[in-house]
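Student: I would like to go through how the terms used for this model are defined. Where should we start?

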Amino acid sequence: MSLLWVDKHRPKSLDEMDYHDDLTERLRRIAKSGEMPHLLIAGPRGAGKATRVQALLREIYGPGAEMRKVETRQVAPNPNTPSNTIDIQVVVSNHHLSVTPSDIGNKDRAVIMQLIKEVAQHPPIGGHTFKVVVIEDAGCLSIDAQAALRRTMEKFMKTCRIILTCDSVSKIIAPLRSRCLPIRVAAPSNEDVQRVLQKVAAKESVKLAPEFAHKIAEATSRDMLRALLMMESAQAQANSNSLGKEITCPREAWEQAIDKVAKKVLSDQSPKMAMEVRANVYELLAACLPPVFILKELCRKLVAEQHSESLKQSTLAAAAHFESTMNHGTKDIFHIEAFVLRFMADYKASVQR
Amino acid sequence: MASASGDGSSVPWVEKYRPERIEDVAQQDEVCAALKNSLQTGELPNLMFYGPPGTGKTTVALALMKQFFGKDWRARVKELNASDDRGIQAVRDKVKTFAQLTIGTSGAADLAASKARFRVVILDEADSMTHDAQASLRRIMEEFVHVTRFIIICNYVSKIIEPLHSRCSKFRFQPVSGEYQKHRLLHICEQEGVRLGAGALERLMQLSKGDMRAAVMMLQTSATFYQDVSEDCLQEVACAVPDRVVDGLVSRTRAASGTDEVVRIVQEFLLEGSRARASVCWTSCRAIRTCRTSPRRSARRSSRRRERTSA
C-alpha cells in the first residue's frame with residue numbers, strides 16, 4: 001500500500017520534529033514529568049498540531065500509543081431513550097481516544113460527556129496514571145458542550161486528561177482556557193517549509209529545485225500539509241523525478257472554482273449574474289468547503305484584482321461584516337450572497353465614477 | 001515542582017488554597033457580614049450570588065455549607081452544575097425528590113448538632129439553565145421552603161428569569177482587588193516555594209483582571225511547566241499577545257504603503273497562531289491611544305483585522 005507523502009513522512013516521535021525546537025523541548029518535559037495538565041493546542045492549519053499530539057502520546061506511552069484503530073461507537077445522547085443512538089467514529093488506542101466533534105452535530109454535549117466517562121471508567125493500564133482524550137477541532141464544540149466540559153475536566157482529572165486542539169483560541173470559552181495549559185504552535189517559517197520539502201524530496205529521491213520549493217511555500221501560505229500535498233501532486237503531474245523551477249504550482253480544484261466565481265462577479269454586475277453566482281456558491285458549499293473559507297478566499301481574489309484603495313478597503317470591511325453575521329446566523333449562503341451583492345454595488349459605483 | 005509533588009501535585013492549587021471559612025473570603029465584606037449573621041441564627045434565605053468569574057461565589061457557597069453542617073455537609077447538600085443534566089426533566093426528578101425529603105434527627109453527630117434544619121440545593125452556573133427549567137424551579141422553591149433552601153450562582157444575573165430574582169436575596173460579588181490578590185498570591189508562592197521573576201506579580205494581576213482563579217491557575221501552570229514565573233511565561237500561559245508584538249504590528253501597519261501590504265502584514269501575524277480576537281481589541285486600543293490621525297482610520301484598520309479573524 002502506498003501512503004501519501006504527508007503520512008509516510010510524518011514525524012512519529014518528538015525527536016523527529018523538524019521545527020519549533022523549544023516547543024518540542026517543552027513537550028518532552030511535560031511527558032517526562034509524568035504529570036500532564038489538560039492541554040489546549042492552538043495554531044493555524046497545517047502547522048503540525050495533530051502530529052505533535054501523536055508524538056507527545058508516543059513519548060508518554062511508548063509504541064503502544066501507535067496501535068491505533070478506527071472504531072464506530074454507538075452513543076445514546078439521552079439516557080431516557082437508550083434506543084435513540086448516534087454513530088460516531090473515534091480513533092482509539094489502549095491509552096487514548098480521539099474524536100472530532102464536528103462529526104457529531106448538535107448533540108455534542110451529551111456525546112462528549114459519555115465518551116469521556118467511558119474512557120475514565122476503565123483504569124489506565126501499564127502503570128500509567130492517566131489516559132488521554134483528544135478532542136480535535138475543539139472550536140467547533142457548541143458553547144453548551146464547552147460549558148459542560150468545565151466540571152468534567154476537574155472531576156475526571158485523576159484518570160483522564162484532555163487535549164483540545166483548535167485553530168484559534170478565541171473560539172474556546174474563557175473558563176476552559178483557564179483550565180488548560182495553552183500551547184501555541186505557530187505556522188512553520190518559509191525556510192522551515194522549504195527545508196522539510198527538500199528533506200521529503202530527498203527521501204523520495206526527487207530532485208527539487210530550491211526556486212520551486214520557495215514557490216510552493218509561498219503559494220500555500222506556510223501550510224505544511226498543503227505544501228507536501230502540492231509537491232506530491234506536482235510530481236505526479238510532471239511524472240518525472242526532477243522538479244525544476246519552471247514548473248508552476250498545481251492549482252487545487254476549489255481554487256479554480258472560486259476563481260471562476262470571482263471572474264464572474266467582476267465581469268458583470270447584474271441580478272442575472274447574481275443568480276449564476278448563487279448556483280456556483282451552492283456547488284462550493286455542496287463540496288463541503290467551509291463557508292467562512294469561501295468568503296475569505298473570494299474576498300482575497302476580489303481585492304487582488306482592484307486598483308482603487310478605497311474599494312479594497314470597503315471590500316475588506318464588507319467581508320468582515322458578513323463573516324460576523326455568518327457566525328451569528330445559520331444559513332451561510334445568505335451571507336456569502338450578501339457579500340457578493342455588496343461588492344457588485346460598490347464595484348459598479350466606483351467604475352462609473 | 002519540588003514542593004508540590006510531595007503531597008500529590010495533581011491537586012490544583014485552586015482547590016488546595018480555596019478558603020475554607022467565609023471569614024477568609026476577604027474582599028466580599030457585605031456578603032460575608034450578612035451570611036455570618038445567618039450562621040448565628042441558623043436561618044438562611046434563598047440566595048443568589050452573581051458576579052464575574054473567579055470572585056469567590058462558589059467558594060462562599062461551599063464554605064457556608066461546611067460551616068453550617070460540619071464535615072458531613074455533603075449529606076445535606078446537592079450541588080448541580082452545567083455538566084450535570086439540568087433540563088426541565090432533571091429539575092422535576094432530581095431536584096424535586098431531593099427537596100421533598102424531610103430532615104431526620106438521626107445521622108452524623110455534626111449534622112444533628114447543626115442549628116440548621118434544612119437541606120440546600122446549590123445550582124452552580126445557573127445561567128446555562130434553560131428558561132423552562134428555571135420556570136419549573138419557581139414552584140419547587142416555594143413549596144418546599146420549610147425543608148430546602150436554594151443557592152443560585154451565576155455570572156449574568158440577566159439570564160435568570162424575573163420570578164427567581166424575587167424569591168432570593170441577591171448578592172453581588174466584586175472583582176478581587178489588587179491588594180488582596182497580591183496578598184493571597186504571595187502567600188501561595190511562599191507555601192509552594194515559587195520564586196517570582198521581576199514584574200511577574202504585576203503582570204499576573206493585569207492579566208487576570210480580578211479573577212482570582214485565573215491568577216492562581218496561571219501561577220501554577222507557569223511554575224510547573226516553565227519552572228520559572230516570569231513575565232514571558234505568564235504571557236504564554238494566558239494566551240496573551242506580548243506588547244512588543246502588538247507594537248510591532250501597529251508600527252508596521254502605520255508604515256504600510258497600501259491596503260495590500262496591511263493585509264499581508266496581518267496575515268503573517270495570524271500565522272503565528274496568536275489569539276486573534278483578543279489581539280484585535282488590544283491592537284485597536286493601542287492604535288487609538290497612539291494615533292495621530294483621526295480615530296476613524298484606526299477603527300477601519302481594526303475592522304480590516306477582524307476580516308481575517310475567525311470570530
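Tutor: Start with contacts: two residues are in contact if their C-beta atoms, placed from the backbone, lie within 7 Å. In chain A, residues 24 or more positions apart account for 71% of the contacts with a separation of 6 or more. In chain B, they account for 76% of such contacts. This is a predicted model, in which local features need pLDDT of at least 70, side-chain atom pairs count only at pLDDT 80 or more, and totals for chains, interfaces and linings use all residues. Residues are numbered from 1 along each chain as its sequence is written, while chains are lettered from A and ligands numbered from 1 in the order in which they are written.

Student: What makes a run of residues a helix or a strand?

Tutor: Both are DSSP runs numbered from the N terminus, helices being H or I with at least four residues and strands E with at least two. On that basis there are 14 helices and nine strands in chain A, and 16 helices and five strands in chain B.

Student: How do you know that the length of H14(A) agrees with its residue count?

Tutor: The expected span is 1.5 Å times one less than the number of residues. Helix H14 of chain A (residues 332-352) has 21 residues, so it should span 30 Å; its end C-alpha atoms are 31 Å apart, which agrees.

Student: Why is A:Glu337 called partly exposed?

Tutor: A residue is buried if 20 or more other C-beta atoms lie within 10 Å of its own, exposed if 12 or fewer, and partly exposed in between; the C-beta atoms are placed from the backbone. A:Glu337 has 17 C-beta neighbours inside 10 Å, so it counts as partly exposed. A:Glu337 sits in helix H14 of chain A and touches A:Arg278 and A:Val281, leaving aside residues up to four places away in sequence.

Student: What puts the buried residues of H14(A) on the same side?

Tutor: The buried residues are A:His335, A:Ile336, A:Phe339, A:Val340, A:Phe343 and A:Tyr347. They cover an arc of only 135° around the axis, which puts them on the same side of H14(A). The arc is that of the directions from the helix axis to the C-beta atoms. An α-helix has 3.6 residues a turn, so residues three or four places apart point the same way. The buried residues of H14(A) pack against H10, H11, H12 and H13 of chain A. Exposed A:Ala349 and A:Gln352 are on the face turned away from the buried side.

Student: Why is H4(B) called largely enclosed?

Tutor: Of the 13 residues of H4(B), 10 are buried, so it is largely enclosed by the rest of the structure. Among them are B:Val60, B:Leu62, B:Leu64, B:Phe68 and B:Phe69. Just after H4(B), B:Gly70 takes a positive phi of about 75°. Over the whole of chain B, 39% of the 311 residues count as buried.

Student: Why are H9(B) and H11(B) called roughly parallel?

Tutor: Angles under 35 degrees count as roughly parallel, over 145 as roughly antiparallel, 65 to 115 as roughly perpendicular and the rest as oblique. H9(B) (residues 178-192) and H11(B) (residues 212-225) pack at an angle of about 30°, with their axes 11 Å apart. They are therefore roughly parallel to each other. Axes are lines fitted to C-alpha atoms, for helices over the stretch in contact, and angles run from 0 to 180 degrees between N-to-C directions.
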